[in-house]
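I started with the overall fold and then went over the surface.

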Amino acid sequence: MNPNPYFKYLIESFLRRLDQIAAPKEMSRKQRRKLKKKQKSRLFTVFGAIPTAIKISMRRSR
């Protein structure tokens with residue numbers, strides 16, 4: 001008898017949250033940095049690729 005997949009997902013996500021709360025601050029900082037790198041910049045999501053390309057080219061020119 002298999003458990004409901006949604007129920008299993010809820011339990012796993014709950015346990016991950018508990019681990020994050022119980023983890024030392026240094027560990028959570030590393031995780032936050034990883035999440036920031038994964039997320040697209042707000043500039044890209046709002047305006048598209050053109051402003052992002054301009055921003056990158058300005059950084060390279062410095």
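My entries on confidence, fold and surface follow.

I am working from a predicted model, where local features need pLDDT of at least 70, side-chain atom pairs count only at pLDDT 80 or more, and totals for chains, interfaces and linings use all residues. Residues are numbered from 1 along each chain as its sequence is written, and side-chain values use heavy atoms, without hydrogens and water.

Confidence: I found a mean pLDDT (the predictor's confidence in each residue, from 0 to 100) of 77, with 76% of the residues at 70 or above.

Fold: I noted 4 helices and 0 strands, taken as DSSP runs (H or I, at least four residues; E, at least two) numbered from the N terminus.

Burial: of the 62 residues, 3% are buried, that is, under 20% relative accessible area with a 1.4 Å probe and protein chains only. The protein exposes about 6600 Å² by the Shrake-Rupley method, and carbon and sulfur atoms supply 60% of that area.

Phe 7, Ile 11, Phe 14, Leu 15, Leu 18 and Ile 21 make a nonpolar one, with about 620 Å² accessible together; Phe 14 sits in helix H1 (residues 5-22). Lys 30, Arg 32, Arg 33, Lys 34, Lys 36, Lys 37 and Lys 38 make a positive one. Arg 33 belongs to helix H2 (residues 25-38) and is exposed (over 50%) at 53%.

Note on methods. Areas by Shrake-Rupley, 256 points an atom, 1.4 Å probe, with all protein chains shown as cover. Patch = residues over 30% accessible without salt bridge, like charges linked within 9 Å, V, L, I, M, F, W, Y side chains within 5 Å. Salt bridge = Lys/Arg side-chain N within 4 Å of Asp/Glu carboxyl O. Lys, Arg positive; Asp, Glu negative; His and termini not counted. Charge placed at Lys NZ, Arg CZ, Asp CG, Glu CD.
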